[in-house]
Amino acid sequence: MTLAAPAEAFTHLHVASSYSLRYGTATPRALAARAADLGMPALALTDRDGLYGAFKHVKACAEAGIKPLLGVDLPLLTADPTATIPRPGRVTLLAVGRQGWASLCRLVTAAHAVPTAAARAADDDVPAVTPELVAEHAAGLIVLLGPASDVGRAVAARRRDQARRRLDGWRSLGCEAVVEIVDHLEHRSTVNAVRLAELARDTGTAAVLANAVRYLDPADSPAAQVLDAARNLVPLGSPRLVAHNGRAYLAGPADMTRVAERVTAAMTGPGGRSADARGAARLLADTAELALRCTLDPAGDLGVGAHHLPETQGDVGEQQRALRARCEHAILAGRYRTAHPSARPGIGRPRAARNARDRLEHELAIIDATGMAPYFLTVADVADRVRAAGIRCAIRGSGAGSFVNHLLGISAIDPLEHDLLMERFLTPVRATLPDIDLDVESARRLDAYRIIFDAYGAERTACVSMMETYRARSAIRDVAAAMSLPPDEIGAIAKAFPHIRAKHITAALGELPELRRSRVNTEQLSTIFNIAEQLDGLPRHVAMHPCGVLLSDRTLLDRTAVQASAEGFPLSHLDKDDAEIAGVIKLDVLGVRMQSAMAHTLAEIERTTAERIDIDAMPRDDEPTYAMIGRSDTLGCFQIESPGQRELVKKMAPRDIADLIVDISLFRPGPVNSDMITPFLRARHGLAEPRYPDEKLRAALQETGGVVVFHEQVLRIIDVLTGCGLAEADLVRRHLSTPGGPERTAPWFRAKADIRGFDPETIERVWEVVSAFGGFGFCKAHAAAFAIPVYQSAWLKRHHPAAFYAGVLTHDPGMYPKRVIIGDARLSGVQVLPIDVNASSGEWRTEQAEQAEQTPAGDPGPDDRRPARWAIRLPGRRDDHRAAGRGAPPAIRCSLREVKGISDAEVERVVSGQPYASLRDFWDRARVSRPVVERLALIGAFDSLYPPAPPAPLAPSAPLAPPAPLAPSAPSAPSAPLATAPTRRDLLARVGVLARQAASARQGTSQALDLFVGADPADGMADLVPAGELRELDLAERVEAELEILGFDVSQHVIDFYADLLAGLDVVRSADLDRCRNGEMILVAGAKVATQTPAVRSGQRIIFASLDDAVGLVDLAFFESVQDRCAARLFGSWLLLVRGRVRRAGAGPMAVTVNATECWDIPALEEIRRGPGGLAAVQAALATGHDLQTGPQPAGTPDPAAPGNLITPADPDPERNRDRDNESARPLVFANGFALSPYAETGAPGGSLKTPPRTLWHASPGSTITPK
Amino acid sequence: MARLYGEPVEVQTGEDGLPASFGWRRRRYAVRAVQEYWLVNRDWWRESNPVPARPELEYWRVEASAGQGRPAGIYELRRDVAAEVWTLRRVED
């Protein structure tokens, strides 16, 4: 051992990164980069409780040019019965070599299986080890015993005898124990470090110096302090928290030498004071030596760069032969789509078969060269097993470009039909593992997982984990809670922000109008925001990845630690990127709600008509389906129901699957922003000739009118120009999307194209297209995989609307609230039946309606008095649906699960007990909790038992007035006809009686029950609460109860309560927009059903919103220029009146949107209308609304001098934009000039729109008819 | 017997950064030895100001006396790093 270890060779052996959840603040990348800057040769990562950061550390070290060490820091459960120290402490383990890494993985897995009191208390997975457990995995592990260890704690407690015993205990168990000296300059920490060093010396134990690092710089310690508070769920200042002083940072060699000298200088006894300089050098040398021993070789020790594929189906040669045999058999049997004439127009049978065989040979050559045959067989096996269990399963992603996948039955897409490339999926020149993604029914995703785990065994399979990280809202919540703000206030502050990154908080406060003017923009909160920004992106919770499953050979558990997920699955500490680095195959099994919705639809069709539809095998050329899509009648359909997509499909009018593939690919930020859509549409509608940079590129670009849409086209273009082959071209394409990639590629591209005889002008033109395309565009195979469920869902909507809506409403796959889908069902001629305790089940079901539905609630009758545009009726817009749906039941019955608060067990009991004869019968047998029974009564679920009189007509003085429940001015209908049937309020009272009887029965006084023995069950309650005793709910009260209990309005559309107001203002209905002139200024109104802030070309934030006005949707755009006055109201209100300009756009079929200039809250306007000024006052309010200075602005007028207003969102001075500090959330600008607003694609502020807000239209006093 | 003070003191530091002497209640105390030195973050979350870049407080436990021949006592000094303010925390004699 050398005593003259150079100081700069110091290596940190005990380092926590941000993957020590809510503990460390530095990413592995930042730590490795800093270590390299400090001249350190290596760096350990010893995260707390897990190995989540291990492969990120390995990668970061490789990038920083230093060597990695790996370990873990685990809580200790001491088995020592004489322990007098309450907290048993923690121990750090370091891995030596391949054996050490395997031991580490297995030990961490075992530690997570140890049940601890902390885990039980916190409902969290807290690992723990005993010395005995560590000893079981001692091979290749170094046990570091520092100040937090059982030994260190005994030393601190001045129990030297106990410390010595414990140290001996570790060694006698066979562990290689090393004492870890740490001095953070805390109170008494130096003296404790000295005593620990003396113990090591006196017992002949090796000692090393470390700094128990948890952040980069001393200034990071407040953030770490907040994390301690958040992790322990206590406020800052709590005595449960340890003191901080900023010393747990990644200290440099000189600082660490000082620590060594400080500690060794204070040592006493033999070798003490007299030899302090030598003591420090020895400590540092021993540290360097241990670091050297623990240095890991990524390839040799961790298996990086190798592929560890399942070995369940024989060796590679056997698997290759098996794969070939299966594929050849499929070709012979004609099990591929282009074997059928409809899928290959213009190609004869022999030619198709030859194409198939050629393609198979081509792909098998690639698969053999990459050694991936086991992978294909494994995925095919998984897909087979999943389908055998009756679970719908479809491929997604680039794997659809493989013909082998199609032949194996994994994919329903024949790449030969759609001209897809294998090379986009897998090439021999790319070392990375391919991704095959399977979409399964969301409701049965975990079933699919179980099938995989059962088939491959726990030693080969685990779920991929993922980290939930701090974003603006979560960071603000945790920081504010640590700083003891009241919970209500914390919620209000957090919800004021859209779903943005935490590091954009300050920038957002200055830049977003709805925040700039809000009360959260104050100095008092600035500390919270500052620290919240420091938490940006830190992992806070480990969760199961929504789809990733690892499939490997039987050594998987030597290469990753696993813990139990909340769902009970083994959860790997590898995330999806780590799996790639670790060479473990990942299969994505994604739960897709639309697959569940379609499965339910198909089951309903089969249940009611006995017709069994094989939707995957059917032709994909149904004209009525495409006609429906072209009308943008696509609500509920997969992928094409959003406002933007409805506009695009209307302009494009797709005619076949190829068109749908283009549509899906175009509706992406890249194509939208490179303005590829307009030239495409012009070419498509014959308004412009397609232009090709060179005639040789016609074949590649013809399908999209000369516009580059697909990755596959880029591959072909590069191949045509350079002759490099498609595999190489895919590498080039990937390279193009890296920073600086285009510049590095250009010389090669030009030289190659020049050799092949292209003239410089053409080369430049093509290069421009190729380089600008960069990472944009879309994998065509992926789009093709998406296009299938798009078509299938549209076909089902077109031909089996009732079953389709039942499926969509049961599994809720889309972006809209259910009330929009219900409205769409009605417009399609499907009657929506309310919940009925005798007819409803746990799912939405199709039914045969008994009678024609009354005029849909949204449509005023033909005899309506109002001449306004608001009164316009739909002219049978969807008659074709009814014709097409002949034989299919035209009604759907609402599911019991829609009732707020009902449990799965209650749903099951209700359904198994059907039918019920009376309320009492239901109460006795269904045993549903009282609040849920009351809710059922309020929404009329017992109406079939107690047929009600027609809904009470409203008082003529207030036709369709907003709800004024219990108001004496709205008297109920005459009570005479109601005498025989109890009202819903009567039923509510009877529920109360039943509950009281049940309570007294439990207390043994069952007197009350005896009264009804033998009585008619349907009638048993009449004496206690006579029918008609209480007034029936009026229409407004019913709708209010429905919104509260179900989240959607059944009896009448909520907007119709404002019909007088809206008619008086001459508001235009959505169905009527087609007739408005381009540029016309109009008013529209409705319930807000969607807001989106997608990426747009200019980098502006444009807010798109959709309003449901009972006859359809109005799509609105709010540009930045109006957001200052509109954003707060737009995000804060539910029922909106909007003024705006009609915009008709598109080459070919027009799509209509409204560019909003102003918006108002409808209930607020109604308030004015019902005041003394009437409608005139409303009109006056609207007129002044333009004027910011005098308008009724709730937040006051903006002060131009206020700090938040100094940076305006539309800053005209680009220089100033550039000079803004780094914290500014500036638009991301791409090479082709496309700028992306940092606020694009983020969820809106406020709560979710999927359910209506709790405080709805009118907070009418006394409207608490709903049981809470 | 320990007494708590919390009174501001004026401290002179040596070239090594250690406190060399301090003035308290019109007397000058010479530091004979530093017994202990440690750091703790201040309670920055209780303050309305933005958190300083260095929120540490330095604690020095020193042996000091008010002149030759005077009995030495143990004095605990605290330095607010950001504000450069010294406080006498406690005295043991």
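Guide: Two strands are said to pair if DSSP finds at least two bridges between them. The model discussed here is a predicted one. In chain B, Val40(B) has Leu57(B) of strand S4(B) standing opposite. That couple belongs to the pairing of S3(B) with strand S4 (residues 56-65) of chain B, where 10 bridges join the two and the strands run antiparallel. Strands in a sheet pair through backbone hydrogen bonds, and the sense can be parallel or antiparallel.

S3(B) has another pairing to look at. Strand S3 (residues 27-41) of chain B is also paired with strand S2 (residues 19-24) of chain B, in the antiparallel sense, over four bridges. Here Gly23(B) is opposite Arg28(B) of S3(B). The hairpin made by S2(B) and S3(B) has two residues between the strands, and in it Arg25(B) takes a positive phi near 50°. As background, most residues other than glycine have a negative phi.

One is an open sheet of six strands, in the order S1-S2-S3-S4-S5-S6 (chain A), with mixed pairing. Strand S1 (42-45) and strand S6 (207-209) of chain A are at the edges; each has a single partner strand, so one side of each has no neighbour in the sheet. On average, neighbouring strands of this sheet are turned by 35° against each other, direction ignored.

Strand S3 (residues 90-95) of chain A and strand S4 (residues 141-145) of chain A are antiparallel and share four bridges. Ala95(A) faces Leu141(A) of S4(A) as the residue opposite. Helix H3 (residues 97-112) of chain A packs on the sheet and touches strand S2 (67-75), S3 and S4 of chain A; the direction of H3 makes about 25° with that of S2(A).

Arg188(A) is in the loop between strand S5 (176-181) and helix H8 (189-203) of chain A. Its phi is near 70°, a positive value in a residue other than glycine. Arg22(A), in the segment before H1 of chain A, also is not a glycine and has a positive phi of about 50°.

Asp217(A) forms a salt bridge with Arg34(A), with the closest N and O atoms 2.9 Å apart. The two residues are 183 residues apart and link distant parts of the chain: Asp217(A) is in the loop between S6 and H9 of chain A, and Arg34(A) is in helix H1 (residues 28-37) of chain A. In general, side chains of opposite charge can pair when their charged atoms come close. Over all chains, the structure holds 76 salt bridges.

Another sheet of chain A is open and has three strands, in the order S14-S16-S15 (chain A), with mixed pairing. Its edges are strand S14 (831-833) and strand S15 (845-847) of chain A, each with a single partner strand, so one side of each lacks a neighbour in the sheet. From one strand to the next, the twist averages 35°. S14(A) and strand S16 (residues 891-893) of chain A run parallel and are joined by three bridges. Gln831(A) has Ala891(A) as its bridge partner in S16(A). Helix H38 (residues 801-811) of chain A packs on this sheet, touching S15 and S16 of chain A, and its direction makes about 25° with that of S16(A).

Last comes the place where the two chains meet. The contact takes 19 residues from chain A and 15 residues from chain B. About 1500 Å² is buried between chain A and chain B, with 59% of that area given by carbon and sulfur atoms. Across this interface the rule finds zero salt bridges, but seven residue pairs in polar contact. Helix H9 (221-232) and helix H23 (526-534) of chain A each supply at least two residues of the side of chain A that touches chain B. H9(A) gives the most to that side, with four residues. The residues on that side divide into eight nonpolar, eight polar and three charged.

Definitions and conventions
Residues numbered from 1 in each chain as written. Chains lettered and ligands numbered in written order. Predicted model: local features only at pLDDT ≥ 70, side-chain atom pairs only at ≥ 80, totals over all residues. Heavy atoms only, no water. Contact = heavy atoms within 4.5 Å. Buried area = accessible area lost by both parts, 1.4 Å probe. Salt bridge = Lys/Arg side-chain N within 4 Å of Asp/Glu carboxyl O. Polar contact = N/O pair within 3.5 Å; in protein donor to acceptor, adjacent residues only side chain to side chain. Nonpolar A, V, L, I, M, F, W, Y, C, P; charged D, E, K, R; others polar. Axes fitted to C-alpha atoms, helices over the stretch in contact; angles between N-to-C directions.
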